[in-house]
Amino acid sequence: MLKIRVGWIVHAMKYELKIRAGEMAPVDLYQLSPSEVKQLLLDILQPQQQGRCWLHRRQIDGSLNRTPSGFYDRVWQILERTPNGLIVAGKFLPQQPTLSDMTMYEMNFSLLVEDMLQNIDQPEYRQIIVELLMVVSVILERNPELEFQDKVDLDKLMKEAFLDFQKDQSRLKGTEKQDDMTSFYNTLPLGKRGTCSYLTKAVMNLLLEGEVRPSSDDPCSIS
């Protein structure tokens with residue numbers, strides 16, 4: 001979290017109380033003593049994630065806008081390969097004049113990205129979007145000949161990944177399709193049917209819809 005957002009922290013504290021309560025009614029945050037509130041705050045800022053399901057992890061991390069190391073630098077690199085910019089939850093991040101007015105490492109750019117993410121209401125969805133951006137970054141890094149031709153709608157990519165996830169759930173478990181994404185949020189990122197596999201497929205489909213940009217180190221070229 002680059003900015004201290006009290007609302008986000010309160011959300012994280014409420015989620016933590018709900019997680020601890022299990023199937024019982026959670027303790028009211030506003031009924032806690034000052035010392036209990038202080039300890040709860042310390043607990044969420046230094047979480048012990050072992051034993052927690054992925055839904056709960058994403059709820060807490062998304063509430064606090066936790067991001068992987070180098071995340072904002074990677075978003076910059078994505079923007080370099082996305083001429084028509086990124087959009088999520090109605091918030092648009094254009095390539096220009098962003099890249100010409102800012103630098104990769106300046107705080108203003110990181111705050112701009114955080115501002116885009118804060119437009120997302122659900123913390124678990126916000127965290128999945130962070131994971132999606134990391135997937136996009138890795139794919140572009142490994143495929144220098146590819147770039148996005150149109151505006152990248154992160155919500156659309158997420159919808160496609162979720163639909164693909166639902167197809168597998170229906171085929172393997174007989175689960176009916178539904179709008180509730182809880183099962184997706186509760187799926188681990190890595191593995192054959194982890195969330196990253198579905199996100200990767202959606203990103204690659206979008207990339208391959210456009211033209212492949214010639215690259216000087218294209219392994220398929222014959223000199």
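**View 1. The largest pocket and the residues that line it.**
In this predicted model, the largest pocket holds about 240 Å³ of space, and its lining is made up of 15 residues, among which Asp150, Lys151, Lys156, Leu206 and Glu209 lie nearest the pocket's centre. Two or more lining residues are given by each of helix H8 (154-173) and helix H10 (195-209), and H10 supplies the largest share of this lining, with 5 residues. Sorted by class, the lining of the largest pocket consists of 7 charged, 5 nonpolar and 3 polar residues.

**View 2. The second largest pocket and its lining.**
The volume of the second largest pocket is about 200 Å³, and of the 14 residues that line this pocket, Trp54, Asp61, Gln127, Glu131 and Pro189 are those that lie nearest its centre. The elements that contribute two or more residues to this lining are helix H3 (54-63) and helix H7 (123-142). The lining of the second largest pocket divides by class into 6 nonpolar, 5 charged and 3 polar residues.

**View 3. The open sheet of 3 strands.**
The strands of this open sheet follow the order S2-S1-S3, and their pairing is mixed. Strand S2 (91-93) and strand S3 (152-153) stand at the edges and have a single partner strand each, so one side of each is left without a neighbour in the sheet. Strand S1 (residues 86-88) pairs with S3 in the parallel sense, over 2 bridges, and Ile87 has Asp153 in S3 as its bridge partner.

Notes: Residues are numbered from 1 along each chain as its sequence is written. This is a predicted model: local features need pLDDT of at least 70, side-chain atom pairs count only at pLDDT 80 or more; totals for chains, interfaces and linings use all residues. Side-chain values use heavy atoms; hydrogens and water are left out. On a 1 Å grid over the protein atoms alone, a cavity is a set of points where a 1.4 Å probe fits but cannot get out, and a pocket is an open set with protein on both sides within 12 Å along at least five of seven lines; lining residues have an atom within 4 Å of a point. Grid points are joined across faces, edges and corners, and a volume is the space filled by probe spheres set on the points. Helices (H or I, at least four residues) and strands (E, at least two) are DSSP runs, numbered from the N terminus. Ala, Val, Leu, Ile, Met, Phe, Trp, Tyr, Cys and Pro count as nonpolar, Asp, Glu, Lys and Arg as charged, and the others, Gly among them, as polar. Two strands pair if DSSP finds at least two bridges between them.
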